Amino acid sequence: MPDVGLPVPPHSPPASHGVYGPSALGGGLHRFWSLTFMLARTEFKLRFFGSVFGYLWTLVRPLLFFGVLLFVFTTVLHVGSKKVPHYPEYLLESIILFTYFQETTSGSVASLVGRENLLRRVRFPRLVIPLSVALFCFFNLCMNLIVVFIFILASGVEPRWSWLELPVLMALLVTISAGVGMLLSALYVRFRDIQPIWEVVAQLLWYGSPILYTVQSVEDKHLLGISFAHILTINPLGAIITQARKALLQSSAPSAAATLGGDVRLLIPLGIVAAMFALGLWYFNHEAPLISEKL
Amino acid sequence: MSIQDVSKTFRLPHQQYSTLKERALHPLRRTTYDELHAVNNVTLEIADGEFFGIVGRNGSGKSTLLKCIAGIYGVDSGRISVAGRLSPFIELGVGFNPDLNARDNVIINAIMLGLTRKQALRRFDDVVAFAELEEFMDLRLKNYSSGMLVRLAFATSIQVEAEVLLIDEVLAVGDAAFQQKCFEEFFRLKREGRTIVFVSHDMYSVERFCDRAMLMDHGDVVQIGDPRTIGRAYHELNFGQLAHDAPAESHSDSGTTIADAWFENERGERVSSVSQEDGLRMCFEVRFAEELDEPVFAVTLRTDLGHTIIVARSDQHGRSSGSFKAGESVVAKFAIPNWLTPSRYLLTPSLARAGTGESALALVEDMASVVVHGSVSSGGILELPVDVKLERA
């Protein structure tokens with residue numbers, strides 16, 4: 001056989017760890033990335049294999065959903081649209097952002113169990129699996145956002161500098177989604193009822209996030225003495241969506257900080273994002289050595 | 001590679017409480033476990049460049065040990081240290097997806113095994129050439145035959161240029177020509193000084209490739225030694241314990257019984273296993289309950305599967321057996337050259353009246369068994385001495 005390229009270092013033995021066995025990380029950053037990317041890519045190929053419109057469905061599905069919601073809320077129920085400027089754009093943008101969270105988290109739940117044949121037969125950093133789900137969904141998010149921007153521009157909103165806030169908001173969204181995804185995927189190995197539970201929780205979060213309505217529209221309602229608007233913005237998804245509205249659509253809309261009533265309070269949703277990610281990472285790392293046995 | 005005192009225990013809960021509801025409904029019921037000691041205190045040193053075989057019956061812990069070495073399972077106690085890069089795979093075709101075409105699968109598999117995408121693409125042609133599947137590269141894997149699948153998987157796997165390779169049961173597949181190719185590839189790896197740990201049921205390939213081998217049983221190391229010795233021990237372990245389970249009760253209608261049946265080696269020692277180099281005698285003892293003239297002593301040797309190999313009778317070539325009185329005991333011995341292929345054989349002794357031999361006085365099916373071990377296994381039932389001559393016509 002001709003010599004083609006250098007031999008690869010598939011694995012450096014994790015001697016520094018002291019523990020010999022499977023782990024969440026380990027094996028080098030390059031391999032970590034190339035595995036994550038490869039799994040996401042495979043998922044992509046499989047997802048659209050055999051469908052006539054292929055990738056188009058990823059774009060069309062949220063758009064159709066958006067169309068239904070828009071019809072129901074503006075034409076049938078007459079909610080919101082009059083009072084809220086750029087309501088359709090707001091609705092679309094928040095649907096797309098939430099969809100990312102939902103697809104990543106519910107896709108992660110069964111990801112480890114579904115990849116049993118890999119986990120039982122190869123050593124590789126286990127964390128690659130839930131993160132590849134997040135990456136795959138991130139690609140969809142980017143494509144969907146292109147559609148969102150076309151919509152926004154078509155509705156007459158001028159491009160402005162505050163659009164640059166979007167990458168930061170997306171980073172926060174990815175962080176919390178990946179964190180929850182890691183947590184759920186590792187939990188699901190032990191408790192199979194995570195799946196139905198998470199379906200319900202995701203549904204709750206959908207209505208508990210300002211997607212169909214804005215935070216302003218619920219400012220005068222209270223739960224246990226706390227304003228609904230505060231509760232919604234403490235929810236990191238609510239904060240991200242609210243801030244995205246101000247950044248993308250309407251600079252006069254209240255920022256997440258303003259809704260919460262102070263910049264310092266912004267640390268609450270940010271803290272939740274960081275905590276979820278840390279919790280997910282910690283728990284996954286803790287469970288990683290046992291995953292291949294408990295499947 | 002050094003493995004010190006490694007143990008691995010799996011806890012098998014008697015009833016799996018894997019949902020919260022079940023846990024909530026039975027909060028007091030403790031989950032009980034069976035502990036399966038898959039690997040017990042295995043200590044092993046494998047030198048660089050050694051081809052090391054691990055054999056054992058199903059459930060002997062050999063694959064678990066390999067998975068521990070590969071780092072797929074964590075160990076409960078003990079230490080494993082590996083010098084050099086370890087191939088991360090132990091089975092073929094990891095990550096193969098039936099819905100994707102062969103091209104994609106090769107790349108996925110190669111990345112899974114540790115190549116980068118670029119390297120995988122560069123080596124793609126070699127893989128295809130080795131697998132001899134050039135014209136099927138765009139075919140989806142679900143349409144592949146199992147032989148093609150294995151060829152593709154093996155071709156991809158040998159592209160991982162790791163220093164330490166762990167291989168679990170791979171040679172039992174593919175057609176003869178491809179198997180030969182795989183063997184050559186193994187020899188190449190061996191020549192290049194790779195360390196290879198090889199788990200198999202197939203003693204033939206273990207004896208052919210390995211420098212040393214280890215026999216495992218119920219998680220324990222039975223023996224470490226040269227492959228021939230281990231091969232013999234493995235056969236004995238496999239069949240030997242069955243050899244004593246032969247039915248003792250004699251089936252006869254006249255009161256004349258077959259008291260015992262056994263195998264002997266050349267030196268007249270009773271054996272339950274015998275090597276191919278050793279001679280073999282089929283023996284049984286008859287207790288006469290009546291007076292008989294010229295009874296016919298006969299033995300039938302069958303394989304495990306029931307194929308008859310030999311039927312030998314005492315009246316062959318018109319030989320007379322003589323007269324026997326009631327109460328006499330007679331031992332009959334039938335010596336044969338041991339041309340049997342390694343396997344387990346069963347002896348059916350019988351005694352019949354003179355004449356046709358149809359009416360058996362006593363007959364015990366499969367009364368004794370013997371395991372023949374050795375390294376010559378051509379695939380036939382017998383390993384007859386063959387004199388090969390080639391002449392140009």
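In which strand of chain B is B:Ile309 found? B:Ile309 is found in strand E15 of chain B, residues 308–313; helices (H or I, at least four residues) and strands (E, at least two) are DSSP runs, numbered from the N terminus.

This is a predicted model, in which local features need pLDDT of at least 70 and side-chain atom pairs count only at pLDDT 80 or more, while totals for chains, interfaces and linings use all residues. Residues are numbered from 1 along each chain as its sequence is written, chains are lettered from A and ligands numbered from 1 in the order in which they are written, and side-chain values use heavy atoms, with hydrogens and water left out.

Leaving aside residues up to four places away in sequence, B:Ile309 touches B:Leu301, B:Arg302, B:Thr303, B:Leu340, B:Tyr345, B:Ile381 and B:Leu382, where contact means heavy atoms within 4.5 Å. Between B:Ile309 and B:Ala213 there are 96 residues of separation in sequence and 32 Å in space, C-alpha to C-alpha.

**Chain B against chain A**

Chain B puts 53 residues into the contact and chain A 41 residues. The two chains bury about 3,900 Å² between them, with 61% of it on carbon and sulfur atoms; buried area is the accessible area (1.4 Å probe) that two parts lose on being put together, summed over both. B:Ile72, B:Arg85 and B:Met112 supply 15% of the area that chain B buries against chain A, more than any other three residues.

Eight residue pairs are in polar contact between the chains, both residues at pLDDT 80 or more. A polar contact is a pair of N or O atoms within 3.5 Å; within protein, one must be able to donate a hydrogen and the other to accept it, and residues adjacent in sequence count only if both atoms are side-chain atoms. On the side of chain B that touches chain A, H4(B) gives the most, with six residues. By class, that side has 26 nonpolar, twelve polar and 15 charged residues. Here Ala, Val, Leu, Ile, Met, Phe, Trp, Tyr, Cys and Pro count as nonpolar, Asp, Glu, Lys and Arg as charged, and the others, Gly among them, as polar.

Two salt bridges are counted between chain B and chain A, a salt bridge being a side-chain nitrogen of Lys or Arg within 4 Å of a carboxyl oxygen of Asp or Glu.

| Salt bridge | Closest N and O atoms |
|---|---|
| A:Glu293 and B:Lys8 | 2.7 Å |
| B:Asp104 and A:Lys45 | 2.7 Å |

B:Asp104 lies in helix H3 of chain B and A:Lys45 in helix H1 (residues 29–47) of chain A, so this pair joins two chains.

**A cavity**

B:Glu207, B:Arg228, B:Gly231, B:Arg232, B:His235, B:His373, B:Gly374 and B:Ser375 line the second largest cavity. On a 1 Å grid over the protein atoms alone, a cavity is a set of points where a 1.4 Å probe fits but cannot get out, and lining residues have an atom within 4 Å of a point. Helix H8 (residues 227–239) of chain B gives the most to this lining, with four residues.

Technical notes
On a 1 Å grid over the protein atoms alone, a cavity is a set of points where a 1.4 Å probe fits but cannot get out, and a pocket is an open set with protein on both sides within 12 Å along at least five of seven lines; lining residues have an atom within 4 Å of a point.
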